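Here is a short tour of a protein model, written for someone meeting it for the first time. Keep the picture open while you read.

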Amino acid sequence: MRKSQIGMSETIAILFIFFILLALGFIFYLRVYRASAETQYEKGVDLMSIEITQKASFLPELQCSKKNVVTDNCIDVLKLESASAIINENRENYYDLFFGSEIVVEEIYPIKKTWVLYNNTINDTSTIFTPVPILLYNATSNEHYFGILQIKYFPIK
Amino acid sequence: MKKKSQMEIMGLVIIVILITLGLFFIVRFMIARQPSEIKLSYTRTETAANILNSLLKTTSEDCYGMTVKDLLVDSAENMYSNNHVICENGENSTAYVLNIIEQVFDETLIKWGDQNFDFRATVGSTPILNSTHNGCPGEKEAKQFYIPTDVGLMTINLEVC
């Protein structure tokens, strides 16, 4: 009777340890799964911010052109002044392009000047900032200025 | 007796296998858990190319409408003489263009998180201009532009790291 009780206790102890190990394994699996999902999410958000940056850089409403030939990496200041007002008035039409983001064009040389092109800021979320150096072309004076296209993307969780 | 000891050994083997599997997963998880570098790589590549591209075409504020590229060419062509263009603020082309370049880097790479860079303009092995922020000894993204001058081909090199 006593021997069988000891045997039972041994079996229970072994089963207890086994289930603890099983539970630990399961917890660890869940953590790995969660981390992997977070990495996938971060990659997706990064790709989306790059996509928005590309769309903003090549927006036909802003691109410099001469005789219908588009100049890469260049924003026409006269187009920018008109477009920033129109885009902000018709923000919903640009939502499919820029989603929750803020796009600002900043001239940093020779003078400092800022244009807010699109503003759909989302609070309580992370911000992914992507700056793109660009050339600003003033057709009136035929001069080029150095500027930055600043894109802040607010991913929705 | 023999059977019981065999059972105990089997139990131990199972525990060892479980612990080994656990350790294997921990190591695998730690190796795989690296931050996404998609954006970092994109930003570095775009930054180096776009800064140089835009900078060279930028028109100076008060140096007879010359672009940064024109000022660099003038600087290279007059490196052994004193026939530099003197800008409206009294500086020669070399000092003037260096001011523009440093102003642009201050407002971009340094402002965006103290990014290190190395900007060099050379003709052959002769340095014309140099602007650096801690240099780039490690991983970097480089972009070169080549400008023909009367004294040879000028290489503009920007390394961002």
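## Starting with one serine

Is Ser101(A) buried or exposed? Ser101(A) counts as buried, because its relative accessibility is 0% (buried means under 20% relative accessible area, exposed over 50%, and partly exposed in between, with a 1.4 Å probe and protein chains only). Before going on, a word on the background: this is a predicted model, where local features need pLDDT of at least 70, side-chain atom pairs count only at pLDDT 80 or more, and totals for chains, interfaces and linings use all residues. Residues are numbered from 1 along each chain as its sequence is written, chains are lettered from A and ligands numbered from 1 in the order in which they are written, and side-chain values use heavy atoms, with hydrogens and water left out.

Ser101(A) belongs to strand β3 (residues 101-109) of chain A; helices (H or I, at least four residues) and strands (E, at least two) are DSSP runs, numbered from the N terminus. Its side chain reaches the backbone oxygen of Phe98(A) at 2.6 Å. Not counting residues up to four places away in sequence, Ser101(A) touches several residues, including Ile52(A), Tyr118(A) and Tyr153(A) (contact means heavy atoms within 4.5 Å).

Look next at Gln150(A), found in strand β6 (residues 143-153) of chain A. Gln150(A) is buried, as its relative accessible area is 18%. The side chains of Gln150(A) and Glu106(A) are joined by a polar contact of 2.8 Å; this term means a pair of N or O atoms within 3.5 Å, where, within protein, one must be able to donate a hydrogen and the other to accept it, and residues adjacent in sequence count only if both atoms are side-chain atoms.

Glu102(A) and Lys152(A) form a salt bridge, with their closest N and O atoms 3.8 Å apart (a side-chain nitrogen of Lys or Arg within 4 Å of a carboxyl oxygen of Asp or Glu). This pair links distant parts of the chain, with Glu102(A) in strand β3 and Lys152(A) in strand β6, 50 residues apart. Glu102(A) is buried at 17% relative accessible area, whereas Lys152(A) is partly exposed at 33%.

## Where the chains meet

The contact takes 35 residues from chain A and 31 residues from chain B. Together the two chains bury about 3,100 Å², 66% of it on carbon and sulfur atoms; buried area is the accessible area (1.4 Å probe) that two parts lose on being put together, summed over both.

How many salt bridges are there between chain B and chain A? The count is one: Glu107(B) pairs with Lys112(A), the closest N and O atoms being 2.8 Å apart. On the side of chain B that touches chain A, α2(B) gives the most, with twelve residues.

## The nonpolar core

Which residues touch the most other members of the largest nonpolar core? They are Leu72(B) and Met154(B), in a core of 36 residues (a nonpolar core is a set of buried Ala, Val, Leu, Ile, Met, Phe, Trp, Tyr and Cys residues joined through side-chain atoms within 4.5 Å). The elements that give two or more residues to this core include β3 and β6 of chain A and α2 and α4 of chain B. Its largest share, seven residues, comes from α4(B).
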